[in-house]
Every structure is written in C-alpha cells, then in structure tokens.
Amino acid sequence: MKYRKLKNGKYKIVDMNIITYEEVVMKYFNQNVSMETILNENEFYDEYYKCIRLINKRLRSIKEIKKITNSDVLDRLITNGYLNDLRYAKAFIHDKYLLSNEGPLKIKYKLISNDIDELVIDEILKEYDFSKKIKNTLLKYGIEDGTRKLLSRGYDLEDIKKEIQ
C-alpha cells in the first residue's frame, strides 16, 4: 500500500485513490486490505472527528452525542476522555451560576433532561451559594416582585423565605 501525506494531516492511498486518516494508514500499514475496509474505517473516523469538533466548541453530555453517532464512536470518545458526564455537569452548573440568573431547580431540571444523575447534580449544587443572588434580586425588585421573579427562574420558595427574614 503506497501512500502520500497531504497538507491537512490526512493521507492519500495512491493505489486506491482514497484519502484517509493517519490512524487508518498506521493500522493497515504493509497489509493487503480491501477498499471497502478502508472506507468503513474512514466512516468511523469521520464520525469520531466530527464529534470531537462538537465537543471542542462546547462540552457535551453523553446523551447529546449518543443522538448523533453510533455506539462504537461513543465508546471511543468515553474511553479517550472526551465525554464525561461529571465534568459536563460541573462545567454546566459553574457556567449557569456565573453567567445566568437561573436558580438551582432550573439548572437541575436541565441536567436531568440530559440524563445526569440527580445525586451527582445535588452534590455539585451544594458547592454554590445562591443566597447572594436571591438577596440581590429581592433588593432590586422588592419582596413581592422579586419572589415571583426568583420562582420563575428556578429558585426554591424555602430559600427565598430564608433570605426575606
């Protein structure tokens, strides 16, 4: 099998006139393989690198990636550490806490909809203090309007009552 490296990091198998990935060339180096085998491997790596590009833009949950790819690619992504629901949940909660006004109940609901374990979510949420956000909203909007806003954003009524007292 003769091959030539291209500028984009891929390889061209000269004998078959196929452009493929380095992993495929390394796997079948000096072996006689069919064009179909190479094309099947290319499909796998096309999917794999597509998922990695998505994950590089924004962390994804296993459920999100499961919708767009097959189990072999999913297993490889998990094995190689690209997908991790615990890391996803921590980053999601951290971002929501710092960048939005959403409360713990709304954040928890969104993570549960991505199949993140409720116990894991509760454990991570304990690390964050939402009382300052509750106080600021109550000061800005008053007790009645602030309470209504906080409830709609996903804050617990008991937590709001604690801050009112």
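This is a predicted model: local features need pLDDT of at least 70, side-chain atom pairs count only at pLDDT 80 or more; totals for chains, interfaces and linings use all residues.
Biologist: OK. How many residues are in the largest nonpolar core?
Modeller: That core has 20 residues. I38, I65, L77 and L83 are the ones with the most contacts inside it.

Biologist: Which elements give two or more residues to it?
Modeller: Those are α2 (35–57), α3 (62–66) and α4 (71–79). The largest share, seven residues, comes from α2.

Biologist: And what does L83 touch, leaving out its neighbours within four places in sequence?
Modeller: On that count, L83 is in contact with I55, R60, S61, I62, I65, L74, L77 and I78.

Biologist: Buried or exposed?
Modeller: S61 is buried, because its relative accessible area is 0% and the cut-off for buried is under 20%. Not counting residues up to four places away in sequence, S61 touches L83, D85, Y88, N114 and I116.

Biologist: Let's switch to pockets. What volume does the largest pocket have?
Modeller: About 190 Å³.

Biologist: Which residues lie nearest its centre?
Modeller: P104, L125, Y128, F130 and D159, out of a lining of 13 residues. The elements that give two or more residues to that lining are α6 (104–113), α8 (131–141) and α10 (157–164).

Biologist: How does the lining divide into nonpolar, polar and charged?
Modeller: Six of the lining residues are nonpolar, one is polar and six are charged.

Biologist: Tell me about α6, then. Which of its residues are buried?
Modeller: P104, I107, K108 and L111 are buried in α6. Looking down the axis of α6, you'd find its buried residues within an arc of 100°, so they line one face of the helix.

Biologist: What do those buried residues pack against?
Modeller: They pack against α5 (85–99) and α7 (118–125). P104 also comes up in the pocket, as one of the residues nearest its centre.

Biologist: Which residue with a positive phi follows α6?
Modeller: D115, with a phi near 65°.

Biologist: Where do they sit?
Modeller: N17 is in the loop between β2 (11–13) and β3 (18–20), and N30 is in the loop between α1 (22–27) and α2.

Biologist: Buried or exposed, those two?
Modeller: N17 counts as exposed at 56% relative accessibility, and N30 is exposed with a relative accessible area of 62%.

Biologist: Now α1. Is V24 buried or exposed there?
Modeller: V24 lies in helix α1 and counts as buried, at 1% relative accessibility. Leaving out residues up to four places away in sequence, V24 touches I38, E41, N42 and Y45.

Biologist: What about E43 in α2?
Modeller: E43 lies in that helix and counts as exposed, at 53% relative accessibility. From E43 to F130, C-alpha to C-alpha, the model has 46 Å, and the two are 87 residues apart in sequence.

Biologist: Last one: where is the place of L150?
Modeller: In helix α9 (residues 143–153). L150 counts as buried because its relative accessibility is 0%.

Biologist: Which residues does L150 touch?
Modeller: I134, T137, L138, Y155 and I160, not counting residues up to four places away in sequence. The C-alpha atoms of L150 and I134 are separated by 7.1 Å, and the two are 16 residues apart along the chain.

Note on methods. Residues are numbered from 1 along each chain as its sequence is written. Side-chain values use heavy atoms; hydrogens and water are left out. A nonpolar core is a set of buried Ala, Val, Leu, Ile, Met, Phe, Trp, Tyr and Cys residues joined through side-chain atoms within 4.5 Å. Buried means under 20% relative accessible area, exposed over 50%, partly exposed in between (1.4 Å probe, protein chains only). Helices (H or I, at least four residues) and strands (E, at least two) are DSSP runs, numbered from the N terminus. Contact means heavy atoms within 4.5 Å. On a 1 Å grid over the protein atoms alone, a cavity is a set of points where a 1.4 Å probe fits but cannot get out, and a pocket is an open set with protein on both sides within 12 Å along at least five of seven lines; lining residues have an atom within 4 Å of a point. Grid points are joined across faces, edges and corners, and a volume is the space filled by probe spheres set on the points. Ala, Val, Leu, Ile, Met, Phe, Trp, Tyr, Cys and Pro count as nonpolar, Asp, Glu, Lys and Arg as charged, and the others, Gly among them, as polar. The arc is that of the directions from the helix axis to the C-beta atoms.
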